[in-house]
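Please find below a short note for colleagues who will examine this entry. It is set out as numbered points.

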Amino acid sequence: MPAEHLRSQNGGKSRFNPRIALVALHDPAMAAISFQLAVNLAYWNDGTYQGLLFLWPAAAIFTAVAAPVFWYAGLYRGMWHYASFRDMTAIARGVSLALLVFFPLLFLATRLAAMPRSALVIEWPLLIVMLAVPRLLYRAYKDGNLRLLFDRRAAERVPVLLIGAGPEAETFVREMARARNAPYRVIGLVDDDEANLGRSLHGLRVMGRTADLAAVVAELKRRNRTPQRLVIAAGHAAGHEVRQLLDEADRLGLPLSRLPRLTEFRPGEGREIEVRPIAVEDLLGRPQRVLDRAARERLIAGRRILVTGAGGTIGSELCRQIAELKPARLVLLDNGEYNLYRIDRELGQSHPGIVRVAALGDVRDGGRMAQLFRAERPELIFHAAAFKHVPMVESNVSEGVLTNVRGTCNVADLARR
């Protein structure tokens with residue numbers, strides 16, 4: 001995937017990230033300082049100290065070499081707040097590569113004149129320490145400790161792409177790396193926070209925004225790292241954002257799940273972080289309203305109840321909840337034999353004490369409805385028959401009228417017949 005696509009907005013222009021720029025200044029500066037210190041330490045050890053800025057041209061060459069090498073090694077993309085053992089290995093690789101490039105260049109330029117060979121040996125651990133310590137101190141300042149720094153690599157797991165690169169994502173990545181039997185392996189992240197774009201979290205790249213999801217998945221497939229699941233790791237995701245992600249996941253043919261909110265994590269207590277399916281409250285974008293059970297019982301208990309479309313998805317759930325509230329009689333109406341049989345049998349097993357009537361019929365059949373109302377005389381009707389969503393079929397139970405293509409039946413009149 002072209003880098004311009006993932007880092008671009010406003011016509012493809014790259015955005016300036018001040019945090020990356022600060023790290024890009026810090027690391028080469030550490031390279032220059034550490035090189036000069038290594039040279040001085042080498043001469044001081046020999047008892048022939050030459051002055052603080054001795055061989056500064058060599059230090060300048062090393063800095064010029066280190067800057068692009070560090071960029072290539074990915075050091076500038078790391079998030080210091082989440083510095084980990086993977087970041088330390090990246091630093092070691094970057095320093096090693098910089099020295100391997102610098103040594104032949106210096107030999108060609110100066111034949112190593114006045115350059116103590118021991119300085120290069122001193123430079124390797126010294127620069128690693130000078131690059132690593134600020135990152136670890138920043139992590140310690142943010143987290144209060146470094147106990148979780150050294151993550152363990154887990155075995156092969158289900159590859160997932162995280163949507164979000166905040167605290168929830170960091171906790172999930174860390175726990176998946178640490179847990180011996182963790183079921184998931186994070187292979188990348190997307191995030192809409194511009195400060196995180198192009199950076200890394202525990203060695204995992206923030207590959208783009210959520211709008212780039214299809215392109216990110218295509219790029220991972222090209223690298224033979226195809227994700228098998230999308231996981232929302234942003235606890236603040238709004239309902240409309242979750243709906244958009246559901247649509248996009250459906251287009252990509254990937255299941256969409258979400259992590260619990262950060263306050264629900266229990267790291268270190270033997271509990272796995274549960275990746276949950278999308279729930280109703282995720283789509284609502286607000287907490288579910290708790291229904292007043294006492295008021296429902298007053299409405300239902302001891303009354304004759306009729307549920308239309310009782311075998312459907314909505315109707316069957318209504319029947320289950322109504323049965324819990326002890327109606328005097330529950331009439332199940334549906335035009336499908338199997339669905340009616342299934343819900344009637346289920347309620348017979350779960351609520352054998354409830355008086356039930358399974359009535360086969362169509363709400364559009366006025367004669368059948370009149371017969372049913374005369375026989376059962378329902379006091380309360382829950383109209384869940386699916387015909388209400390067809391444009392030519394209207395229903396208005398609140399006004400006591402069932403309107404259909406065959407004519408109009410007044411519910412109150414039917415009940416009185």
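Predicted model: local features only at pLDDT ≥ 70, side-chain atom pairs only at ≥ 80, totals over all residues.

1. Packing of H11 and H12. Helix H11 spans residues 313-324 and helix H12 spans residues 337-350. Their axes lie 11 Å apart and meet at an angle of about 20 degrees. Because angles under 35 degrees count as roughly parallel, H11 is described as roughly parallel to H12. The crossing of H11 and H12 is right-handed.

2. Arg320 pairs with Glu346, and their closest N and O atoms are 2.5 Å apart. Arg320 belongs to helix H11 and Glu346 to helix H12, so that the pair links parts of the chain that are 26 residues apart. Arg320 is partly exposed at 29% relative accessibility, and Glu346 is likewise partly exposed at 28%.

3. Asp344 forms a salt bridge with Arg356, with 2.9 Å between the closest N and O atoms. This pair connects helix H12, which holds Asp344, with strand E12 (residues 356-360), which holds Arg356; the two residues are twelve positions apart. Arg356 has a relative accessible area of 28% and is partly exposed.

4. Glu379 is found in the loop between helix H13 (366-376) and strand E13 (380-383), and Arg304 in strand E10 (residues 304-308), so the contact ties together parts that are 75 residues apart in sequence. Glu379 is partly exposed at 38% relative accessibility, and Arg304 is partly exposed at 31%.

5. Total count of salt bridges. How many salt bridges does the structure hold? The total is eleven. The pairs discussed above are among them, including Arg320 with Glu346 and Asp344 with Arg356.

6. A nonpolar surface patch. Ile33, Leu37, Leu41 and Trp44 form a nonpolar patch on the surface, and together they have about 410 Å² of accessible area. Ile33 is located in helix H2 (residues 18-46). Is Ile33 buried, partly exposed or exposed? Its relative accessible area is 42%, and Ile33 is therefore classed as partly exposed.

Methods:
Residues numbered from 1 in each chain as written. Heavy atoms only, no water. Patch = residues over 30% accessible without salt bridge, like charges linked within 9 Å, V, L, I, M, F, W, Y side chains within 5 Å. Areas by Shrake-Rupley, 256 points an atom, 1.4 Å probe, with all protein chains shown as cover. Salt bridge = Lys/Arg side-chain N within 4 Å of Asp/Glu carboxyl O. Helix = DSSP H or I, 4+ residues; strand = E, 2+ residues; numbered from the N terminus. Buried < 20%, exposed > 50% of the residue type's maximum accessible area, 1.4 Å probe, protein only. Axes fitted to C-alpha atoms, helices over the stretch in contact; angles between N-to-C directions. Parallel < 35°, antiparallel > 145°, perpendicular 65-115°, else oblique. Left-handed = near helix turned anticlockwise from the far one by under 90°.
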